There are 2 protein chains.
Amino acid sequence: MENNKVTIHDIAKILSIDSSTVSRALNNSSRVTKKTKDKIIAKANELGYKRNHLASNLRKSKTFTLGVIVPRISRHFFSSAIAGIEETAYKKGYSVIICQSLEQLEREKNIVEILSANRVDGVLMSVSMETENYQHLEDLKKRGTRLVFFDRHCDIPDNSNVLIDDFQAGFDATEHLINNGCRIISHFSGPKNLEIYKNRFKGYKAALQKHGIKLRDELVLSSSLMEKDGVENIKKILSLPYKVDGIFSANDVAAIGAIQYLKERGIKVPEDIAIVGFSNETISSVIEPSLTTINQSGFEIGKTAATLLLSQIKENSSDIINETIILKSSLIERKSSARQNN
Amino acid sequence: MENNKVTIHDIAKILSIDSSTVSRALNNSSRVTKKTKDKIIAKANELGYKRNHLASNLRKSKTFTLGVIVPRISRHFFSSAIAGIEETAYKKGYSVIICQSLEQLEREKNIVEILSANRVDGVLMSVSMETENYQHLEDLKKRGTRLVFFDRHCDIPDNSNVLIDDFQAGFDATEHLINNGCRIISHFSGPKNLEIYKNRFKGYKAALQKHGIKLRDELVLSSSLMEKDGVENIKKILSLPYKVDGIFSANDVAAIGAIQYLKERGIKVPEDIAIVGFSNETISSVIEPSLTTINQSGFEIGKTAATLLLSQIKENSSDIINETIILKSSLIERKSSARQNN
DNA sequence: CTGTTAGCGCTTTCAT
DNA sequence: ATGAAAGCGCTAACAG
């Protein structure tokens, strides 16, 4: 019906008043009589008026939109994080533009440009696996866009971050295995240049050291976050001349690949080999109810990151704000998670 | 450094030319000398000029943005669909704004308004569980916004849809169970007013009928798509005075809940009770490698839906286009999926 | 090929 | 409390 073309000028003309008054009324300004305000609102509804945010945003140079960059939307951790971000943003009247870098630096750079050109009020991101140079992110900040990293951050100063305590998580996971009798413990890591994997590895090392277990380099296997990497890793582990009795997987995808491979061969987790891996609410208990996992709630991280970003946007002080929030991840021990034999 | 404030006028002033020429050059118009074009582009880069899409969009009344509305981002099917949408949109130079209705009609209505106010060029959506009245969607279309439903659609004429063949999927799943010796087959359905669940149920009924099996009402259990519903359902099934030997679950969440419950009690799938459920690439094989599933690729649906929407946007003919694409879902039979005993 | 002019629809001083 | 006027930054006729 109404072809979306109704403007404040149309309303103004019909009512023989000025468009600025209409604008004020529609923004519920106190400087308009209740009477005219009612009249204007009634007419606006009648005509099916819808404010054009584009025009409004241009004028105010504010978009009430946040950009979100993740490596891959369909990975459960990130989709949970996005859900948390969306809910938080929605409550505050913000929309979110979602982009995925697909782990490619070039795409990430391009996305940053697009978001910047769209004048988003802030950006939340988890860097791609390839990101080692941060120039595009520095530029974004210089242009005045607020930037908050979550989960995968950059090791550069003056950033705002929402992270989990990766060192502690790695330490706890490894120590859990040790406490359950494991002595030869492998570590499935992630892309080497990502801070989170560096820190989880450090936690692993520290736990081994604390318990006087020597680190064996051949037990530390990296991955590019594909299930097939997990399969390759577990194959390597099984082919060793000695028996590995525990695995700490720093990423869920590799753990899934490995567990599948083991299941297919009738090798039992955790009886034959114990695995503690990063995981999340939904999947962890489903993959293997007996599995002990390090839980990181994507939703919680997303929510926290969005809250932090929105608070920084609100403050609107032009000086660089940097604040890092570290969330504790918790080791969820499931029944019969202790190894039975050995 | 550059405070994001550089406009085409700044460039024009410095170069002593008109801003319209700058605009043309930056849009790579053929009506500008290569020489001046180069000069302009060089200066633009030097100053760190970034086009303001807001202004450009306002002028062109086109945003190169798609709105996406899903019930819940973190559900794997939807996050895969979003990934497919994002990739397709990105390739064509479109951005996507993601919103979740959280299965609430009120939220859905509000989101439609927001997207409309942001002048998105088109909307892709899967309706919420509560959506029985479609006025807000009719309005959106009337205002000239292209609308494509994917997966969860509305049973109203003149819509564009990308769906899976729900009837066939329900039929195949049920027949698979029958062919594997099941005679007493339960059906876990979803919210009753959603078309997809109606159609899957029809498929179930048809398969039973074809094989001369009587439909028992008490074996048909609906759900609100929560894992706990799956648990409740399986409890009911187990408490029946006779033995149910197969379950066709029309939604993955209920199936997951049920499988977890069974696993905890040492009841084996599919040996003790066979389950065929909707699922997706990643999860299906992980939950239970022996499980046969009906696979619906969210990514594929998202991609197809986005392609359809973008083609409709491009055509730009003002008359209502409606086209329905039905994707086949495939029954993935995994090893040892046939029931062993009974 | 380039400049002039006129907005897109809204908000916001500044008057009155 | 309302109106007049200017302009956010860009694009698109229309001239020349």
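Analyst: A residue is near a molecule or strand if its C-beta atom, placed from the backbone, lies within 6 Å of it. Helices (H or I, at least four residues) and strands (E, at least two) are DSSP runs, numbered from the N terminus. In this predicted model, α4(B) gives the most to the surface near DNA strand D, with five residues. The model is predicted, so that local features need pLDDT of at least 70 and side-chain atom pairs pLDDT 80 or more, whereas totals for chains, interfaces and linings use all residues. Residues are numbered from 1 along each chain as its sequence is written, and chains are lettered from A and ligands numbered from 1 in the order in which they are written.

User: Which residues come nearest to DNA strand D, and which elements each supply at least two residues of that surface?

Analyst: Among the 26 residues around DNA strand D, the nearest are Ile17(A), Thr7(B), Ser20(B), Ala55(B) and Ser56(B). At least two residues each come from α2 (19-26) and α4 (53-60) of chain A, and from α2 (19-26) and α4 (53-60) of chain B.

User: How do the residues of the surface near DNA strand D divide by class?

Analyst: Ala, Val, Leu, Ile, Met, Phe, Trp, Tyr, Cys and Pro count as nonpolar, Asp, Glu, Lys and Arg as charged, and the others, Gly among them, as polar. This surface has seven nonpolar, 12 polar and seven charged residues.

User: How is the relation of chain A to chain B to be read?

Analyst: Copies are superposed by least squares on the C-alpha atoms of residues with pLDDT of at least 70 in both. A rotation of 180° with 0.0 Å of shift along its axis brings chain A onto chain B (RMSD 0.1 Å). The two copies are therefore related as by a two-fold rotation axis. In chain A, the C-alpha nearest the axis belongs to Ile97(A), 2.2 Å from it.

User: How many residues of chain A are in contact with chain B?

Analyst: Two residues are in contact if their C-beta atoms, placed from the backbone, lie within 7 Å. Here 43 residues of chain A are in contact with 43 residues of chain B. The elements of chain A that give two or more residues to this side are α4, α5 (76-91), β2 (95-100), α6 (105-117), α11 (252-264) and α12 (281-287). By class, that side of chain A has 17 nonpolar, 17 polar and nine charged residues.
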